[in-house]
Amino acid sequence: MREGDYSRPSSLAVALADVDRLLLVSGSEPGRRVIHHTNVIEAARSTGTSRVVYTSMLNADDTTNPLAEEHQETERALRDAGIPFTLLRNGWYTENYTGQLGEYLRHGEILGAAGSGRISAATRRDYACAAVTALLQDEPGNRSYELGGPAFDLSELARVISEVTSTAVVYRDLPVEEYESSLRQAGLDRGSAEFVAALDVSIAHGDLATDSQDLARLLDRPATPLAEVVRTAAQRTTTH
């Protein structure tokens with residue numbers, strides 16, 4: 001185990017010494033991801049890392065998602081660095097929704113502004129297993145995978161939750177301004193509420209949907225079914 005701090009470049013060359021293949025997980029500080037990722041990429045280049053596998057964003061080439069720009073800039077930095085790379089363009093995590101299951105069940109509804117936009121989500125575990133496969137591949141050159149599970153919209157999510165938990169949950173689609181207002185009433189500041197609402201607008205545009213089968217191919221199995229993910233989350237919710 002080695003310490004490597006994305007914000008401290010001096011720590012990264014030591015951390016990456018003798019590392020042949022690197023999984024670069026995107027940082028957690030919006031607004032600072034590009035510099036953090038670039039620090040890692042430059043350290044990988046200086047230490048002779050043979051391949052960087054980066055967790056990017058689904059449909060990064062053509063998306064309105066407000067998170068996309070930093071992923072696009074990181075992909076550009078990888079190309080400029082000249083290190084062989086693999087882009088894992090991950091879709092949404094199913095846990096983005098199942099993590100809120102208790103709230104959905106308490107209120108009997110999912111609020112959003114995503115319309116009928118479809119979401120090719122998958123579990124963190126599925127994306128992690130796909131990343132392992134990508135790391136172990138020996139094919140030369142750069143590669144890019146568009147990763148996501150079978151798509152659903154939020155009305156379908158509500159239906160699956162209702163079926164699995166035997167508790168009626170519906171999806172209530174709101175105009176963007178009204179959704180922002182509800183988020184602020186729930187305690188978010190204006191900037192955060194606008195950001196969360198913009199994510200739903202991106203979903204409505206189809207930015208988080210894909211027909212790609214790359215995830216299933218890397219997993220060598222189908223992605224974990226939505227009902228199974230909801231069932232596991234419901235069991236945990238009941239336990240706690």
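1. In this predicted model, strand β2 (residues 51–57) is largely enclosed by the rest of the structure, because 7 of its 7 residues are buried. The cut-off behind that word is a relative accessible area under 20%.

2. The side chains of β2 fall into two sets. Arg-51, Val-53, Thr-55 and Met-57 point one way from the strand, while Val-52, Tyr-54 and Ser-56 point the other way. Both sets are buried.

3. Another pairing of β2 is with strand β3 (residues 85–90). Here 6 bridges join the strands, which again run parallel. Val-53 has Thr-86 as its bridge partner in β3. Together with helix α3 (residues 68–81), β2 and β3 make a β-α-β unit that is right-handed.

4. A separate point concerns Thr-98, which lies in helix α4 (residues 95–98). Is Thr-98 buried or exposed? Thr-98 has a relative accessible area of 11% and therefore counts as buried, since the limit for buried is under 20%.

5. Which residues does Thr-98 touch, leaving aside those up to four places away in sequence? Thr-98 touches Val-229, Val-230 and Ala-233.

Definitions and conventions
Residues are numbered from 1 along each chain as its sequence is written. This is a predicted model: local features need pLDDT of at least 70, side-chain atom pairs count only at pLDDT 80 or more; totals for chains, interfaces and linings use all residues. Side-chain values use heavy atoms; hydrogens and water are left out. Helices (H or I, at least four residues) and strands (E, at least two) are DSSP runs, numbered from the N terminus. Buried means under 20% relative accessible area, exposed over 50%, partly exposed in between (1.4 Å probe, protein chains only). Contact means heavy atoms within 4.5 Å. Two strands pair if DSSP finds at least two bridges between them. A crossover is right-handed if, with the strands pointing away from the viewer, the path from the first strand over the helix to the second runs clockwise.
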